[in-house]
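Look through the structure first, then read the points below.

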Amino acid sequence: MRREGGYDDGGVLLYPPMFPPSRIVCLTEETVETLYLLGEEHRIVGVSGYAVRPPQVRREKPRVSAFISADVPKILALRPDLALTFSDLQADIAAELIRQGVAVHAFNQRDVAGILAMIRTLGALVGAIDKAEALARALDDRLAQARARALHLKRRPRVYFEEWDQPMISGIGWVSELVEAAGGFDVFPDLAGQKSAKDRIVTPERVIAARPDIVIGSWCGKKFVPARFAARPGFDAIPAVRDGWLREVKSALILQPGPAALTDGLDAIGRIVTEWAGRAGGMTIR
């Protein structure tokens, strides 16, 4: 028999709710999108201010946090029985919610396998195991289809993905995997496994030496400016700059480790690589 969580007059949770949770606060956007895709959005009572997928979330759910900051009193006023957070960057928020008696699950996925595991874990947390498994399998199938299309490429472009410009930060693990799945070669695969952005900082000299055929910019919430990239000293020697292959993929599509990256993010990278291959005479049409 299900029991609602009990709170005192100050809003502090006195005892945990029974399974499954019915009042969930999502402090990052990927768990919001996943719950909507699972048909479990009725459980969400608060979201990150960055949550934009699906579009109706902005009018349906109250915003209670940024990324590394949150309105804890506002969250507590929603009387959540579960809060979903991401990584060490939200550790302080998670700790405060835990001190206030809120159950917290912190995800930490940094690669494609981790994203699929997040979906399955979230499904288990809300009692939607079968739906989560179906979603994870469908996303995995999309990746397999992208890899199959990439087999048609005669030439695979060298790709530099830039997550930030000052300092220059290369792509994280799942981004590198998606570049490879779409038919490109990540020029900094050795850095992709580094979880922290500070460990993925690259120098101009390394980018020039890598000679990428394509540059994809996704400056973490601000617009990628190709002219600013091209104007960096010595960058006129980079094939992507010389040949005009500087492209943007919006950070909302690719820098959240969830369904968006494995759908619209993957598709966006695939279109860029396919266009390059077609113009470079590097694609077999079947």
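Two strands pair if DSSP finds at least two bridges between them. Strands (E, at least two residues) and helices (H or I, at least four residues) are DSSP runs, numbered from the N terminus. This is a predicted model, where local features need pLDDT of at least 70, side-chain atom pairs count only at pLDDT 80 or more, and totals for chains, interfaces and linings use all residues. Residues are numbered from 1 along each chain as its sequence is written, and side-chain values use heavy atoms, leaving out hydrogens and water.

- Strand β8 covers residues 158-164.

**Antiparallel partner**
- β8 runs antiparallel to strand β9 (residues 169-170), with two bridges joining them.
- Here Trp-164 stands opposite Ile-169 of β9.
- A hairpin of four residues links β8 to β9.

**Parallel partners**
- Four bridges pair β8 with strand β11 (residues 214-217) in the parallel sense.
- Glu-162 faces Gly-217 in β11 as its opposite residue.
- β8 also runs parallel to strand β10 (residues 185-186), joined by two bridges.
- Arg-158 has Phe-185 of β10 as its bridge partner.

**A loop residue**
- Asp-71 sits in the loop between β5 (63-65) and α3 (72-77).
- Asp-71 and Ser-251 are 180 residues apart in sequence, and their C-alpha atoms are 24 Å apart in space.

Definitions and conventions
Buried means under 20% relative accessible area, exposed over 50%, partly exposed in between (1.4 Å probe, protein chains only).
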